[in-house]
Amino acid sequence: MEKNVGKLDRIMRLLFGILLIYIAYIIFNNILILSMVLGILGAIAIIESFIGYCGLYKLFKINTNRM
């Protein structure tokens, strides 16, 4: 798996993932399905920020990694 997510993109994904999980837990706490979807999307964004790989980037041949 070749890294295709650059440093700035990884930082933004991490912050966005944390924000999504926060929104799912605090704001949409009483709406189960919406909070689960937002939580899963947030977790995916955080995982992608740590591993540096995005499947959609691979599909569309996008590479923000400058190595």
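Helices are DSSP runs of H or I of at least four residues, and strands are DSSP runs of E of at least two, both numbered from the N terminus. The model examined here is predicted, so local features need pLDDT of at least 70 and side-chain atom pairs count only at pLDDT 80 or more, while totals for chains, interfaces and linings use all residues. Residues are numbered from 1 along each chain as its sequence is written, and side-chain values use heavy atoms, with hydrogens and water left out.

Helix α2 covers residues 32-51 and is followed by G52, whose phi is positive, near 75 degrees. The expected span of a helix is taken as 1.5 Å times one less than its number of residues. For the 20 residues of α2 this gives 28 Å, in agreement with the 28 Å between its end C-alpha atoms.

With buried meaning under 20% relative accessible area, exposed over 50% and partly exposed in between (1.4 Å probe, protein chains only), the buried residues of α2 are S35, L38, G42, A45, I46, E48 and S49. Seen down the helix axis, these residues fall within an arc of 160 degrees, and therefore line one face of α2; the arc is that of the directions from the helix axis to the C-beta atoms. They pack against α1 and α3 (55-59), where contact means heavy atoms within 4.5 Å. On the other side of α2, L32, I33, I40, I47 and F50 are exposed.

What, then, of the charged residues? Side chains of opposite charge can pair when their charged atoms come close. Counting a salt bridge as a side-chain nitrogen of Lys or Arg within 4 Å of a carboxyl oxygen of Asp or Glu, the structure holds 2 salt bridges. R13 pairs with D9, the closest N and O atoms lying 3.3 Å apart. Both belong to helix α1 (residues 7-27), where their 4-residue separation amounts to about one helical turn. R13 also pairs with E48, with 2.5 Å between the closest N and O atoms. Because R13 lies in α1 and E48 in α2, this pair ties together parts that are 35 residues apart in sequence.
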